[in-house]
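Please keep the sequence and the model at hand while reading.

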Amino acid sequence: MGKRRAFSRAELPATYHRSVARVFSGVQPSGSLHLGNYLGAFRQWVAMQEEFDCFYCVVDLHSLTVEHDPAELRRKTIETAAGFLAAGVDPERSTLFVQSHVHEHAELAWLMESTIAFGELSRMIQFKEKSAGKSSIRASLFTYPALMASDILLYDTDRVPVGEDQRQHIELTRDAAIRFNGRYGETFVVPEAVLARHAARVMDLQQPSNKMSKSESSPQGTIELLDPPEAVTQKVRRAVTDTDGEVRYDPKRKPGLSNLIELMASVTGRSIEEITSSYSQYGPLKADLAEALVAALDPVRQRYAALMGDPDELAFLLEQGAEKAAGIASKTLARAKEAIGLLPPS
Ligand code: TYM
């Protein structure tokens with residue numbers, strides 16, 4: 001074996017014998033962070049760092065898949081990183097970094113595009129939704145799940161905490177990893193999705209059949225992570241419900257109320273049954289939910305303001321994070337390149 005090779009395939013099983021499981025997840029720096037990101041993703045991220053080796057990434061390359069403004073992307077990248085920390089990601093325990101600072105992501109994505117079939121990408125619900133009715137679509141919107149697979153696989157990830165909307169992408173990542181390992185030899189750890197027990201799919205408060213999202217939901221239907229208490233309270237108070245007046249969890253027939261009940265369960269840790277049996281009217285449920293959300297989000301908003309006041313510290317943390325991430329990503333990429341048949345430089 002040439003002496004410049006960074007690894008030998010015989011070393012590979014070491015990645016399977018880690019005592020602590022590895023976690024990876026990411027958020028796009030587009031639009032504003034909202035309650036869906038917080039309850040569906042961030043809260044799991046924060047809980048997982050107690051137990052696991054966590055990597056959390058601002059996936060800026062993904063934000064190039066739709067129309068974007070360069071200056072805004074730079075600004076949102078910093079803001080999103082501050083959002084992670086404000087939500088409770090601890091840089092002493094978790095590795096926080098920006099995707100484009102670790103070039104291996106884009107490079108492994110090419111190998112993934114050469115592993116995943118066109119037909120598989122065509123079936124992605126998110127691609128169908130985001131491309132529907134558009135006359136011009138970037139090629140990267142279509143190949144995006146290959147980049148997402150590369151994000152995850154680069155870190156020998158065991159668990160990926162995400163909201164329900166990302167489940168299909170994780171399934172594709174698993175299929176791609178299994179296929180690659182089968183064809184080219186054991187290379188990747190096969191990851192699994194971890195979904196929040198409640199609020200894995202937070203719905204728009206005004207259009208409860210649509211999920212709350214950065215781009216598509218209505219301003220009144222979206223609680224932003226940095227909304228002041230009055231705005232949170234007002235949005236919850238005006239949330240669309242129904243007219244039958246019965247407090248019952250039934251997402252099909254009562255999507256608006258059921259969304260509020262799920263939010264309450266997620267934010268307070270109480271069970272759905274406990275919540276439905278303690279209210280007989282919508283008004284008090286809404287009032288208590290607003291109060292619980294304000295109590296959860298207010299400290300996040302305050303920490304965010306402090307973090308944005310110290311951009312040098314934030315830049316330092318991101319630089320440190322990228323260095324650590326690159327140390328792992330470079331090894332996995334080298335392994336994958338060798339396995340697929342690319343000649344290592346001599
Ligand atoms: P993104 O940026 O759209 O969302 C970030 C995280 O928030 C979750 N989420 C929600 N959860 C519950 N209810 C909602 N209404 C809601 N809206 C968003 C998402 O499921 C996600 O967990 N492709 C990903 C980013 C990504 C990624 C990765 C994630 C890129 N590479 C690797 C995990 C691992 C995305 O666009 O998420």
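Which residues form one aromatic cluster? They are F24, F55, F97 and Y155. The model is predicted, so local features need pLDDT of at least 70 and side-chain atom pairs count only at pLDDT 80 or more, while totals for chains, interfaces and linings use all residues. Residues are numbered from 1 along each chain as its sequence is written, and side-chain values use heavy atoms, with hydrogens and water left out.

**Aromatic pairs**

- Rings of Phe, Tyr and Trp (its six-membered ring) pair if their centres lie within 6.5 Å; planes under 30 degrees apart count as stacked, over 60 as edge-to-face and the rest as tilted.
- By this rule, the structure has 12 aromatic pairs.
- One of them joins W45 and Y56, which are stacked with 4.3 Å between centres and 5° between planes.
- This pair links distant parts of the chain, since W45 belongs to helix α1 and Y56 to strand β2 (residues 53–58), 11 residues apart.
- Helices (H or I, at least four residues) and strands (E, at least two) are DSSP runs, numbered from the N terminus.
- W45 and Y56 are both buried, where buried means under 20% relative accessible area, exposed over 50%, and partly exposed in between (1.4 Å probe, protein chains only).

**Packing of helices α1 and α2**

- Two packed helices are described by the angle between their axes and the distance between the axes.
- The axes of α1 (residues 35–48) and α2 come within 9 Å and cross at roughly 65°; axes are lines fitted to C-alpha atoms, for helices over the stretch in contact, and angles run from 0 to 180 degrees between N-to-C directions.
- Y38, F42, W45 and V46 of α1 make the contact with G83, F84 and A87 of α2, contact meaning heavy atoms within 4.5 Å.

**Salt bridges**

- There are 21 salt bridges in the structure, each a side-chain nitrogen of Lys or Arg within 4 Å of a carboxyl oxygen of Asp or Glu.
- E79 and K76 form one of them, at 3.7 Å from N to O.
- Both E79 and K76 lie in helix α2 (residues 70–87), three residues apart, about one turn of the helix, and both are buried.
- D90 bridges to R93, with the closest N and O atoms 3.0 Å apart; R93 counts as partly exposed because its relative accessibility is 38%.
- A network of salt bridges links D242, D244, E246, R248, D250, R253 and K254.
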